Amino acid sequence: MAMNEAELLAQITALCDELHVRWLHLPDSRSLGKAGGAWPGFPDLILAGLHGHAFREVKGQGQWSLRTKQSSWKNLLLGGGADWGRWTEPDLKSGRIRREVKALADGPDPAACQNVSPDKLDEADRAFFRAM
């Protein structure tokens, strides 16, 4: 059975707690406008560890496409060199989320960084390594 966003988020935040990565969840960024600024579309999670920080959009039950304002934030954050990404249930099952959270806590796995040619990375991967 596929996880909804709340279930996936619970798994992710438990993992962050386990690995000592601080996190902030913004349940609905559209409501942040009352505090000032232009927040609609801002990523669901802000993560901070000793070896970096990251912004993550969490998508459950196959609803993986981004809304227009989410895409705008994605482009702004990546353009500024931030570590932005989208996490889904398959990312949890594959271990990708654990690896990325662990890298924020402990730094990158040296074995994973050996022989990595920048021209073979997509933009999301380049942003991830820049953030470290």
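Helices here are DSSP runs of H or I with at least four residues, and strands are E runs of at least two. Counted that way, this predicted model has six helices and four strands. Going along the sequence, they come in the order α-β-β-β-α-β-α-α-α-α. Of the 132 residues in the protein, 38% are buried. If you take contacts between residues at least 6 apart in sequence, 63% of them link residues at least 24 apart.

**H1 against H4**

- Helix H1 covers residues 5–18 and helix H4 covers residues 96–106; the two pack at about 35 degrees, with 10 Å between their axes.
- Their crossing is a right-handed one.
- On the H1 side, the residues involved are Ile12, Leu15, Cys16 and Glu18, and they meet Ile97, Arg98 and Val101 of H4.
- Sorted by class, that contact has five nonpolar residues, two charged ones and no polar ones.

**The cores**

- The largest nonpolar core has 17 residues, and Ile12, Val21, Leu47 and Val101 are the ones with the most contacts inside it.
- H1, strand E2 (45–49), strand E3 (52–58) and H4 are the elements that each put two or more residues into this core.
- H1 gives the largest share, with five residues.
- Val21 is worth a click: skipping residues up to four places away in sequence, Val21 touches Cys16, Leu47, Ala48, Gly49, Val101, Leu104 and Ala105.

**Thr13 in H1**

- Thr13 sits in helix H1, and its relative accessibility is 11%, so Thr13 falls under the 20% cut-off and counts as buried.
- A polar atom of the Thr13 side chain lies 3.3 Å from the backbone oxygen of Ala10.
- Setting aside neighbours within four places in sequence, Thr13 is in contact with Trp23 and Leu45.

**Glu100 and the rest of H4**

- The buried residues of H4 are Ile97, Glu100, Val101, Ala103, Leu104 and Ala105.
- Glu100 is the charged one to look at: its place is in H4, and it counts as buried because its relative accessibility is 11%, under the 20% limit.
- The Glu100 side chain makes a polar contact with the side chain of Arg56, at 2.8 Å.
- Glu100 and Ala54 are 46 residues apart along the chain, yet their C-alpha atoms are separated by 9.2 Å.
- Just past the end of H4, Gly107 has a positive phi of about 95 degrees.

- His20 is in the loop that runs between H1 and strand E1 (22–25).
- Its phi is near 60 degrees, which is a positive value in a residue other than glycine.
- For context, most residues other than glycine have a negative phi.
- His20 has a relative accessibility of 69%, which is over 50%, so His20 counts as exposed.

Notes: Residues are numbered from 1 along each chain as its sequence is written. This is a predicted model: local features need pLDDT of at least 70, side-chain atom pairs count only at pLDDT 80 or more; totals for chains, interfaces and linings use all residues. Side-chain values use heavy atoms; hydrogens and water are left out. Axes are lines fitted to C-alpha atoms, for helices over the stretch in contact, and angles run from 0 to 180 degrees between N-to-C directions. A crossing is left-handed if the near helix is turned anticlockwise from the far one by less than a right angle, and right-handed if clockwise. Contact means heavy atoms within 4.5 Å. Ala, Val, Leu, Ile, Met, Phe, Trp, Tyr, Cys and Pro count as nonpolar, Asp, Glu, Lys and Arg as charged, and the others, Gly among them, as polar. Buried means under 20% relative accessible area, exposed over 50%, partly exposed in between (1.4 Å probe, protein chains only). A polar contact is a pair of N or O atoms within 3.5 Å; within protein, one must be able to donate a hydrogen and the other to accept it, and residues adjacent in sequence count only if both atoms are side-chain atoms. A nonpolar core is a set of buried Ala, Val, Leu, Ile, Met, Phe, Trp, Tyr and Cys residues joined through side-chain atoms within 4.5 Å.
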